[in-house]
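Student: I would like to know how the terms used for a structure are decided. Please set each value against its definition.

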Amino acid sequence: MSRRWLTIGLLLIAILPSQATEFERLERDLSGTTWQLNPQYQVLPSGKVREAIDNGIVVNFVMQVKLYASKNWWFDSMLEHQAQTFAVRYFSLSSQYQLNNLRTKEKQSFITLDQLLDHLGQQTVFEFNANQDADYLSTRLFLDKQALPSTMQLPIVFDADWNLNTDWQQVPLNTGKQP
């Protein structure tokens, strides 16, 4: 009987990813007619993802934010949607990691991968027009597997080490309203 539980435990350890990406909180600021929204994540890639980056593979992360207006009797309506895609790469000659925001074309260099991932998870700001109807948002962060080289895409489809996807997280914009 104990052998069976040992086998089940080992299978669960092999199946579950050792690292994950988690939503922490949302920083929001209403300045004039603009919402500045900063969803904050803890990005913890697996050893396989780190190894791929260290070997020169460009890994893309996508952060999305959607503004919603609640409807009491029907589906909520999406008011606005924005996404930012970030390419993470390593330059071995300079021993630096580069974070490239593909939307704004801004490039930043970091000494360590952990510094880059902290910046990615904490410093991404979205600007939305302040809409009177918007009362909550949904946000998520995921690793874009389709942006990887084609020879890598099939082997990692079911590999838990490459699943750095968060579920959609709903966060109220005004403290008086709940999603």
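Student: What makes the meeting of the Arg25 and Glu27 side chains a salt bridge?

Tutor: The term asks for a side-chain nitrogen of Lys or Arg within 4 Å of a carboxyl oxygen of Asp or Glu. The N to O distance between Arg25 and Glu27 is 3.9 Å, so the pair qualifies. This is a predicted model, in which local features need pLDDT of at least 70 and side-chain atom pairs count only at pLDDT 80 or more, while totals for chains, interfaces and linings use all residues. Residues are numbered from 1 along each chain as its sequence is written, and side-chain values use heavy atoms, with hydrogens and water left out.

Student: How many salt bridges does a search of the whole structure find?

Tutor: It finds 4. One of the pairs is Asp159 with Lys48, where the closest N and O atoms are 3.1 Å apart. This pair links distant parts of the chain: Asp159 is in the loop between α4 (150-153) and β9, Lys48 is in helix α2, and 111 residues separate them. Asp159 is buried, because its relative accessible area is 18%, whereas Lys48 is partly exposed at 39%. Lys48 and Asp159 also belong to a network of salt bridges that includes Asp161.

Student: Why is the pair of Asp114 and Arg50 said to tie parts together?

Tutor: Asp114 lies in helix α3 and Arg50 in helix α2, so the pair ties together parts 64 residues apart in sequence.

Student: What is the order of the strands in the open sheet?

Tutor: The order is β6-β5-β4-β3-β8-β9, with antiparallel pairing. The strands β6 (107-110) and β9 (169-172) are called edge strands, as each pairs on one side only. From one strand to the next, the twist averages 20°.

Student: How do you know that β3 pairs with β8?

Tutor: Two strands pair if DSSP finds at least two bridges between them. There are 8 bridges from β3 to β8 (residues 136-143), so the two strands pair. Tyr68 has Tyr136 in β8 as its bridge partner.

Student: Which strands does helix α2 lie across?

Tutor: Helix α2 (residues 47-54) lies across β3, β4, β5 (96-101) and β8, at about 60° to β4. Helix α3 (residues 113-122) packs on the sheet and touches β3, β4, β5 and β6, with its direction at about 20° to that of β5. Contact means heavy atoms within 4.5 Å. Axes are lines fitted to C-alpha atoms, for helices over the stretch in contact, and the angles run from 0 to 180 degrees between N-to-C directions.

Student: Why is Trp73 called exposed?

Tutor: Its relative accessibility is 71%, and the cut-off for exposed is over 50%. Trp73 sits in the loop between β3 (59-69) and β4 (77-91).

Student: What makes the nonpolar surface patch of about 520 Å²?

Tutor: Trp73, Trp74 and Phe75 make it. Patch residues have over 30% relative accessible area and no salt bridge; nonpolar side chains (Val, Leu, Ile, Met, Phe, Trp, Tyr) are joined within 5 Å, like charges within 9 Å.

Key. Areas by Shrake-Rupley, 256 points an atom, 1.4 Å probe, with all protein chains shown as cover. Helix = DSSP H or I, 4+ residues; strand = E, 2+ residues; numbered from the N terminus. Buried < 20%, exposed > 50% of the residue type's maximum accessible area, 1.4 Å probe, protein only.
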